[in-house]
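User: Hey, could you walk me through this one? I'm new to this, so please keep it simple.
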Amino acid sequence: MFDSLSDKLQAVFRTLRGHGSLTESDVDAALREIRLALLEADVHFKVVKQFLERVRSRATGQEVLKSLTPAQAVIRVVRDEMVELLGGTDAKRLETSARLPSVVLMTGLQGSGKTTSTAKLGRWLVKGGHHPLLVSTDVNRPAAREQLRTLGEKSALKVHHPARLDEPRAILRSALEEARAVGHEFVLVDTAGRLHVDDELMAELQDLKTLAQPSEVLYVADAMTGQDAVRSAEEFQKRVGITGIVLTKLDGDARGGAALSAATVTGAPVKFAGVGEKVEEFEPFQAERMVGRILGLGDVLGLIEKVEETVDREQAEEMARRIRRSELTLEDYRQQLAQVRKMGSLEAVLGMIPGMGQAARHVDTEAGEREMKREVAIIDSMTPLERREPSVMNGSRRKRVARGSGTSVEDVNRLLRKFMQARKLMKQFGGGGKLMKRLAGRMPQMR
Amino acid sequence: MSGPSFLDRFRKGLERTRDILNADVMDLARGQRPLEPKDLDAVEEALIAADLGMPAVQEAMDVLRRRSGQIWTEGPEAMRAVLKEEIRKSLAAAPEARSFATRPWVVFVVGVNGVGKTTTIAKLAQTWKAEGRTTLLCAADTFRAAAAEQLEIWARRTGSPFHRGAEGADPSAVLTDGLRAARSRGYDAVLVDTAGRLHTKGNLMNELAKMARVAGREVPGAPHETLLVLDATVGSNGLVQGREFARAAGVTGLVLAKLDGTAKGGVAVAVVRELGVPIRYVGVGEALGDLLPFDAEAFAEGLLG
């Protein structure tokens, strides 16, 4: 598949070695690679042009030309510029209005993920201690309002559903009354979509906007969209006025150039991202991560954060001490397994490693997960003594554990073998010996 | 069907694409000057803007460069002809599909979330009904909230029989019951609405493979067709979707949905080239009648005018 941009840039600059410093034509060559990477990621070609102009003026500056690692310097310029276009590094939040409730209009094309995003945003607000009221004014698509109501029920969200009303403005008015009466701080309005921008829809959205005086009008955009992303985002911006973008279906493998296109032409920041099918899989948008993705640099940042989020520092230090003293037990091993599982599916974790996104789909991650589950079950069926000192595991103990965990003796044997090997390895690590250094020498260079 | 002719509606669907290509490329004709390298850049951009995908674009550009001598002397008309020929060639390579060879004719409709699977099914049911066939609509999307309700409404509107299970039920079980019902009642066809799934979710793709096996047990040879619905606005990811769905579910044909005037649909060319399966239908609007059988000739014509 695609070579990552950094590899290509390395190659461009490698041929230049020995020339001493970079010339402008070298930068041109680099920019051509960047152009191709952006186009492959579905960034709109006009946006690409505009973007490269910005990059060029900085890339021909002294910091790059004099840099010892020009490839990295160019990438840094590209990254900085892109982060800025996508809305910067500030933490994203929802704007509120002075008078309650604050209304959020969810707008966008058909199938972009408005209804799901509405529920997800609702959950996100609830997690932050708020009490949003959800309402769908989509009287067009069959069962659209039903969908929001069911989603709401499943996720413990309040959904206003005046079944007898069938006119968007009347539905919205009724929701606003309800919100004021009950004291909801937010009303999230799921609006009707269209195949493409049409006058009728725009008029309806304008009406809803006038009525609701929303604090946010979010444009929901499908991360897989191609060159068309620019046109529709532009239209929504011009005719309704949007304050932010929600990027959906980021759990797929689209490079997501649409995000850059939409943000550039609307000037609105990307505020949130949908990253999975579950209602909880929704997060404030992180521009740096998206940039890595568009450029094919992987989501190292996301991976690091995920590890930090799930690994208990004290536990980790304690484990490190034990490893050093070669006291690793099956109990520790089990803890490790649990931590890996807490980080999310193997598939998701692998996907965040640069260059692994493609590989993740070819590795049977589910088999890996089943294996982990099985191992946890086996360890859970052991006595504390067996966990501390697996060498006591004789035949009858192995049989008992296999029965208790619903596995076979072979499974138990395999786990024990694996563990003994790991312990042996750990001993070598713990000795601070050559192995550790050898491994470290092999690690890819990280910036 | 009354109203504009088939070809007109096709052309209308691709209007936007043609506009881009025409504005950027064909304006060159008016100058009556020899083409320059920067003109080729304009062509490249136009093809990119049509979502043809970078590999296909680069290949087309190679062809243009190779034949640049001819194009240089004969002008933009020759360029247009070369491009049209390339696109037509790519699209015509795929084999013809046969339909309704056995009863019930079982068709899976698959695709990522939000591409328009359910609406496509409604349109197909309507078309087939007009041809005098009875089609069971089987709601095997047990995941998305109210998906079955949406299909049920379409079944009522098109006057088609309908089968569903409980929300969250095993789609294969729902499918089994649906196929049995279709068999015993002698329906002509079954359209199976599957849950939208991103092609990156291995377990969901496996579920699709399982459903195909289950269908084959109930009705010999089923699914007889597996239609992958592509959103006409999708970018390069459409190609990846095609590849992955073909691997898991054995796609036999494509439906290009939402090709209604703003979308480009160029990615379909790339997918056909890659998978070697034909585009079967094109969705050109929101109404039930807005599903057209695909015509490579008309598509290439519509794309490049």
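This is a predicted model: local features need pLDDT of at least 70, side-chain atom pairs count only at pLDDT 80 or more; totals for chains, interfaces and linings use all residues.

User: What's a cavity, then?
Analyst: On a 1 Å grid over the protein atoms alone, a cavity is a set of points where a 1.4 Å probe fits but cannot get out, and lining residues have an atom within 4 Å of a point. Grid points are joined across faces, edges and corners, and a volume is the space filled by probe spheres set on the points.

User: How much space lies in the largest cavity?
Analyst: About 220 Å³. The residues closest to its centre, out of 23 in the lining, are A:Leu109, A:Asp222, A:Thr225, B:Asp231 and B:Thr233.

User: Which element gives the most to that lining?
Analyst: S5(A), with 4 residues. Strands (E, at least two residues) and helices (H or I, at least four) are DSSP runs, numbered from the N terminus.

User: And what volume does the second largest cavity have?
Analyst: About 110 Å³. Its lining includes B:Leu47, B:Ala56 and B:Arg273, and by class it has 8 nonpolar, 1 polar and 3 charged residues.

User: New topic. How many residues of chain B are in contact with chain A?
Analyst: 49 residues of chain B, and they meet 38 of chain A; contact means heavy atoms within 4.5 Å. The two chains bury about 3,800 Å² between them, with 53% of that from carbon and sulfur atoms. Buried area is the accessible area (1.4 Å probe) that two parts lose on being put together, summed over both.

User: How many salt bridges are there across the interface?
Analyst: The rule finds 3 between chain B and chain A. A salt bridge here is a side-chain nitrogen of Lys or Arg within 4 Å of a carboxyl oxygen of Asp or Glu. One of them joins A:Arg35 and B:Glu44 at 3.6 Å, N to O.

Conventions
Residues are numbered from 1 along each chain as its sequence is written. Chains are lettered from A and ligands numbered from 1 in the order in which they are written. Side-chain values use heavy atoms; hydrogens and water are left out. On a 1 Å grid over the protein atoms alone, a cavity is a set of points where a 1.4 Å probe fits but cannot get out, and a pocket is an open set with protein on both sides within 12 Å along at least five of seven lines; lining residues have an atom within 4 Å of a point. Ala, Val, Leu, Ile, Met, Phe, Trp, Tyr, Cys and Pro count as nonpolar, Asp, Glu, Lys and Arg as charged, and the others, Gly among them, as polar.
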